[in-house]
Amino acid sequence: MACVVLDICLPADRLQAVYRGDANRVLVTSRGGRRVNLPAHHLRPFITHAGEQGSFELEFDDAGRLLALRRLA
């Protein structure tokens, strides 16, 4: 299993596209430079009225399937 650390900063107006159904994925670059195309619904537990901002650890298996997404800070 592999892990990457993501720093995400999405203001509320950008997240409205997810709620409207206009967007269903978020493209994020990890601290190590790896590009991650993350299904947006995985961020829903962490979203506030101000949007989403913080550091997350993404754990995935050898096939690239998401195992866990945890807030770090």
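Residues are numbered from 1 along each chain as its sequence is written, and side-chain values rest on heavy atoms, with hydrogens and water left out. Because the model is predicted, local features require pLDDT of at least 70 and side-chain atom pairs count only at pLDDT 80 or more, whereas totals for chains, interfaces and linings use all residues. Helices (H or I, at least four residues) and strands (E, at least two) are DSSP runs numbered from the N terminus.

The largest nonpolar core comprises 17 residues, among which Leu-6, Ile-8, Leu-43, Leu-58 and Leu-69 touch the most other members. A nonpolar core is here a set of buried Ala, Val, Leu, Ile, Met, Phe, Trp, Tyr and Cys residues joined through side-chain atoms within 4.5 Å. Burial is defined as under 20% relative accessible area and exposure as over 50%, with partly exposed residues in between (1.4 Å probe, protein chains only). At least two residues of this core come from each of β1 (2-11), α1, β2 (25-29), β3 and β4, and β1 gives the most, with 4 residues. In soluble globular proteins, nonpolar side chains tend to be buried together.

Contacts (heavy atoms within 4.5 Å) of Leu-6 with residues beyond four places in sequence involve Val-28, Thr-29, Ser-30, Val-36, Gly-54, Ser-55, Phe-56 and Leu-58. One of these partners, Ser-30, is situated in the loop between β2 and β3. Ser-30 has a relative accessible area of 7% and is therefore buried. With neighbours within four places in sequence set aside, Ser-30 is in contact with Val-4, Val-5 and Leu-6.

Helix α1 spans residues 12-20. Its buried residues are Leu-15, Ala-17 and Val-18. Because these residues cover an arc of only 135 degrees around the axis, they lie on the same side of α1; the arc is that of the directions from the helix axis to the C-beta atoms. The cover over the buried residues of α1 includes β1 and β4. On the face turned away from the buried side, α1 carries the exposed residues Asp-13 and Arg-20. Just after the helix, Gly-21 adopts a positive phi of about 90 degrees.

Ala-12, also in α1, is partly exposed because its relative accessibility is 26%. When residues up to four places away in sequence are not counted, Ala-12 touches His-49, Ala-50 and Gly-51. The C-alpha atoms of Ala-12 and Glu-52 are separated by 7.3 Å, although the two residues are 40 apart along the chain.

Glu-52 belongs to strand β4 (residues 51-60). With a relative accessible area of 2%, Glu-52 is buried. The side chain of Glu-52 makes a polar contact of 3.1 Å with the side chain of Arg-71. Polar contacts are pairs of N or O atoms within 3.5 Å; within protein, one atom must be able to donate a hydrogen and the other to accept it, and residues adjacent in sequence count only if both atoms are side-chain atoms. A polar atom of the Glu-52 side chain also lies 3.3 Å from the backbone nitrogen of Ile-47. Beyond neighbours within four places in sequence, Glu-52 is in contact with Ile-8, Cys-9, Leu-10, Leu-15, Phe-46, Ile-47 and Arg-71.

A search of the whole structure returns 1 aromatic pair. The pair consists of Phe-46 and Phe-56 in an edge-to-face arrangement, at 5.0 Å centre to centre and with 65 degrees between the planes. For this assignment, the ring centres of Phe, Tyr and Trp (its six-membered ring) must lie within 6.5 Å, and planes under 30 degrees apart count as stacked, over 60 as edge-to-face and the rest as tilted. Distant parts of the chain are linked by the pair, since Phe-46 lies in the loop between β3 (35-39) and β4 while Phe-56 lies in strand β4, 10 residues apart. Phe-46 is buried at a relative accessible area of 18%, and Phe-56 is buried at 0%.

The count of disulfides (pairs of cysteine sulfur atoms within 2.5 Å) is 0. Cys-3 is partly exposed, at 44% relative accessibility, whereas Cys-9 is exposed, at 57%.

Ala-63 is located in the loop between β4 and β5 (66-71). A relative accessibility of 56% places Ala-63 among the exposed residues. The C-alpha atoms of Ala-63 and His-49, 14 residues apart along the chain, are separated by 34 Å.
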